[in-house]
Amino acid sequence: MSVDASGLESERHLLERSGTAERVAAILRQYITDGVFAPGERLSEPVISSALGVSRNTLRESFQLLAHERLAVHELNRGVFVRRLTADDIADLYVVRRATECGALRRAAELSTVDLSAVERALREGRAAAAAGDWPSVGTASIHFHQALADLAGSERLSATMRQVLAETRLFFVLNENTRAFYEPFLDCHEKILRHLRRGSFAIAESALDRYLRDAEARLLELCT
């Protein structure tokens with residue numbers, strides 16, 4: 001099944017000053033991160049190039065970038081698809097997530113000031129989506145929450161690493177049924193982590209985050225079996 005690229009036309013303004021493959025890849029990466037393009041869906045060259053108003057050569061370069069980031073895979077004579085991940089991928093990616101996110105909180109603890117507004121905004125986004133019963137959007141808000149945690153370190157390289165890691169993480173969400181039972185515990189853990197951060201208790205927040213990530217990994221691995 002090919003992806004629904006109807007929303008991409010609204011992204012054309014992002015390419016006005018920079019129609020490069022990197023910018024196209026960034027747009028597609030965001031669509032994968034937000035769950036618009038799901039694992040196993042085909043990234044149609046004619047549909048996406050038409051929607052974004054870019055050449056097929058530029059689009060192919062962006063596909064190569066996504067493949068390098070392990071977000072897409074090229075299948076001979078079939079095209080390019082959003083990648084499906086395995087249990088080994090889950091285990092490995094959560095090793096990276098624990099190192100990156102927990103490390104970001106340790107770095108944030110060393111800074112003189114830390115702006116928690118993006119973290120708070122992501123939590124509000126998740127609570128609003130939960131109140132509306134929109135559980136896939138709760139998953140998207142969770143992605144935003146963890147990106148905001150990584151951004152607290154004030155390192156563009158760390159933030160960029162986290163963007164790629166979270167885009168891959170989003171591929172796991174296809175394993176669940178987008179239900180309250182799966183997503184609601186995330187919100188409670190987010191609330192707890194933010195509460196510790198507001199108090200300046202970074203070590204306690206890091207410990208809570210580590211437990212959260214280990215639990216999330218275990219739940220996803222269980223869904224794989």
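Let's start at Val165, which sits in helix H7, residues 156-172. Helices here are DSSP runs of H or I with at least four residues, strands are runs of E with at least two, and both are numbered from the N terminus. Val165 counts as buried, because its relative accessibility is 5%. Buried means under 20% relative accessible area, exposed means over 50%, and partly exposed is in between, with a 1.4 Å probe and protein chains only.

What does Val165 touch, leaving aside its neighbours within four places in sequence? Leu93, Val96 and Arg97. Contact means heavy atoms within 4.5 Å. Take Val96: it is 69 residues from Val165 along the chain, yet their C-alpha atoms are separated by 7.8 Å.

A word on the source. This is a predicted model, where local features need pLDDT of at least 70, side-chain atom pairs count only at pLDDT 80 or more, and totals for chains, interfaces and linings use all residues. Residues are numbered from 1 along each chain as its sequence is written, and side-chain values use heavy atoms, with hydrogens and water left out.

Now the whole protein. It has 9 helices and 2 strands. From the N terminus the order is α-α-α-β-β-α-α-α-α-α-α. There are 225 residues, and 47% of them are buried. Take the contacts with a separation of 6 or more: 74% are between residues 24 or more positions apart.

Next, helix H1, residues 21-33. Its 13 residues reach 18 Å from first C-alpha to last, close to the 18 Å expected at 1.5 Å a residue. The expected span is 1.5 Å times one less than the number of residues. Buried residues of H1 include Val24, Ile27, Leu28, Arg29 and Tyr31. What do the buried residues of H1 pack against? Helix H2 (45-52), H3, S2, H6 and H7. Just after H1, Gly35 takes a positive phi of about 80°.

On to H6, residues 135-151. Its 17 residues should span 24 Å at 1.5 Å a residue, and the end C-alpha atoms are 24 Å apart, so the two agree. H6 is mostly covered, with 13 of its 17 residues buried.

How does H6 pack with H8, residues 180-198? The angle is about 30°, and the axes are 10 Å apart. That makes H6 roughly parallel to H8. Axes are lines fitted to C-alpha atoms, for helices over the stretch in contact, and angles run from 0 to 180 degrees between N-to-C directions. Under 35 degrees counts as roughly parallel, over 145 as roughly antiparallel, 65 to 115 as roughly perpendicular, and the rest as oblique.

Who meets whom? On the H6 side, the residues include Trp135, Val138, Phe145 and Leu149. On the H8 side, they include Arg180, Tyr183, Phe186 and Ile193. By class, the contact of H6 with H8 has 10 nonpolar, 4 polar and 2 charged residues. Ala, Val, Leu, Ile, Met, Phe, Trp, Tyr, Cys and Pro count as nonpolar, Asp, Glu, Lys and Arg as charged, and the others, Gly among them, as polar.

Most residues other than glycine have a negative phi. Arg70 is not a glycine, but has a positive phi of about 65°. Arg70 is in the loop between helix H3 (56-68) and strand S1 (72-75). Is Arg70 partly exposed or buried? Partly exposed, at 42% relative accessible area. Asn77 also has a positive phi, near 65°. Asn77 lies in the loop between S1 and strand S2 (79-82). Asn77 is exposed, with a relative accessible area of 77%.
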